[in-house]
Structure formats: C-alpha cells, structure tokens
Amino acid sequence: MRIPYVPDPPQPSTAEETQILQRIQARRAPRPLQPLDLALLHSPPLADGWNSFLGAVRTQTSLGDDLRELAISRVAVCNGAWYEWKHHAPLAAQAGVSKEALDVVKTEGPLGRLSRPDVLTERQWAVLVYTDEMTRNVHVRDETFGMLKALFSDREVVEITGTVAAYNCVSRFLVALDVGERNGTGPDDVMTH
C-alpha cells in the first residue's frame, strides 16, 4: 500500500464519521472491514459514497451473480487489479462459473477477436466482450453493443454498463494505491475456486 491504512478498528473523530463507519461495517457484515475500506476511510465522505454506490451495484441490480462477477473479474484482468480478482473470481465460481470459463476470463488481449468458447453461454460471452471493450477502449463497437442489446433488456444493459464502469473505478483505485499489495502478482497467485 502506498499510503498507510487507517487503524483497524478505525477511530472516527465525529458523530458523522461514526455513522459512516457503521454503514460500511453493516454492508460488510459478517466480514470485517477490508483493506479497500481501510484505504477509503482516509476520506470518510468518499468512503460513504463509495459504500452506497458499490453496495447498489453489488446487491440491488437485477443481474445474475454469474454475469456480475464475470464482468467484475474481467475488469480485474484487463487492469491488472489482482486484489479485485482475488475477491471476485471465487464469487463467480460460487455463482456456477466453471474453472474453464474463468480461464477464458484470464485470457490476455482483447476477447472480441475470439469465437465464443463452449464453456460460456451467449449471455455470458456478450457481457465479457462488452466488458473487455469498455475497459480497454472506453468506446464500444456498434457490433458489440448490438450483441449485448439483443440479449438483454434496457435495464440490464444499464446495470451491466454501470457494473463495468464502477469496477473500472475500483480497479484503478486499487492499482494506483496498491491496496492489498497484489500489483504484479497475476491471477494464478490467488485461488479461483
């Protein structure tokens, strides 16, 4: 970590900071605060907004767990955010994503140049290719967007896009500050199932 984590347990200095900390702890329960939380809590207002936004992305969309975790895991691979991978690839596996499918997620280079592997459904593949293009290029080709739109409702398209955008924000924060000390380790240094 490039800056020190706040003390664990954190020591809020105001009633408002105490409420922020309680909201973050409630979202994380029964797990303890994570290194990401201990980095964000240097700025309690930022940590509070982050907690609310990422809480909505993680728990309040209509997306299946497999699709959400595939998107998040692909963002992690594209951005070399191995702390993010460590936390989300196992969640993808718990949602039924096979080890072989996770191996596809770990593919180097753009996915759009490949044909859909048999280990992924059409919907999963569309999410991965869209995630890949959004993360690598920001601009998404019309062909890729058309593939996504043909398989998902407008709400789902917005939720997929929001998830990819949110986790690009997360990965950039994690990598820039080296939260969790995972930079340079790669995906094979962590359990994926």
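In which helix is the place of Ile-24? Select Ile-24 to begin the tour: this residue belongs to helix H1, residues 15-28. Helices here are DSSP runs of H or I with at least four residues, strands are E runs of at least two, and both are numbered from the N terminus.

The structure is a predicted model, in which local features need pLDDT of at least 70 and side-chain atom pairs count only at pLDDT 80 or more, while totals for chains, interfaces and linings use all residues. Residues are numbered from 1 along each chain as its sequence is written, and side-chain values use heavy atoms, with hydrogens and water left out.

**First stop: Ile-24 and its surroundings**

Ile-24 has a relative accessible area of 2% and is therefore buried. The term buried means under 20% relative accessible area, exposed means over 50%, and partly exposed lies in between, with a 1.4 Å probe and protein chains only. Now select Leu-33, Asp-37, Leu-41, Ala-47 and Asn-51, which Ile-24 touches when residues up to four places away in sequence are not counted. Contact here means heavy atoms within 4.5 Å. For a distance across the model, select His-88: its C-alpha atom is 19 Å from that of Ile-24, and the two residues are 64 residues apart in sequence.

**Second stop: two cis peptide bonds**

Select Asp-8 and Pro-9, which are joined by a cis peptide bond with omega of about 10°. Pro-9 is in the segment before H1. Then move to Ala-29 and Pro-30, where another cis peptide bond is found, with omega of about 10°. Pro-30 lies in the loop between H1 and helix H2 (35-40).

Select residues 44-103. An unreviewed UniProt entry places the feature "domain: Carboxymuconolactone decarboxylase-like" at these residues. UniProt positions are given in the numbering used here, feature names are shortened, and annotations may be inferred rather than shown by experiment. Over residues 44-103 the chain is 82% helix and 0% strand. The end C-alpha atoms of this stretch are 37 Å apart.

Two packed helices are described by the angle between their axes and the distance between the axes. Select helix H4 (residues 65-79) together with H7: they pack at an angle of about 35°, and their axes are 9 Å apart. Axes are lines fitted to C-alpha atoms, for helices over the stretch in contact, and angles run from 0 to 180 degrees between N-to-C directions. On the H4 side, the contact is made by residues including Asp-66, Leu-67, Leu-70 and Ala-71. On the H7 side, the residues include Arg-123, Gln-124, Val-127 and Leu-128. The residues of this contact divide into 7 nonpolar, 4 polar and 5 charged. In this grouping Ala, Val, Leu, Ile, Met, Phe, Trp, Tyr, Cys and Pro count as nonpolar, Asp, Glu, Lys and Arg as charged, and the others, Gly among them, as polar.

Next, select Gln-124, whose place is in helix H7 (residues 122-137). Is Gln-124 buried or exposed? Gln-124 is buried, because its relative accessible area is 9%. A polar contact of 2.9 Å joins the side chains of Gln-124 and Asp-66. Such a contact is a pair of N or O atoms within 3.5 Å; within protein, one must be able to donate a hydrogen and the other to accept it, and residues adjacent in sequence count only if both atoms are side-chain atoms. Leaving aside neighbours within four places in sequence, Gln-124 is in contact with Asp-66, Leu-67, Leu-70, Val-97 and Val-119.

Select Val-164, which lies in helix H9. Val-164 is buried, with a relative accessible area of 0%. Which residues does Val-164 touch, not counting those up to four places away in sequence? They are Ala-71, Val-75, Thr-131, Met-134 and Thr-135. Further along, select Asn-168, also placed in H9. Asn-168 is buried at a relative accessible area of 8%, and its contacts beyond four places in sequence are Val-75, Asn-79 and Thr-135.

Select Val-138 in the loop between H7 and H8. Although Val-138 is not a glycine, it has a positive phi of about 65°. Its relative accessibility of 68% counts as exposed. Finally, select Asp-178 in the segment after H9. Asp-178 is not a glycine, yet has a positive phi of about 55°. At 18% relative accessibility, Asp-178 counts as buried.
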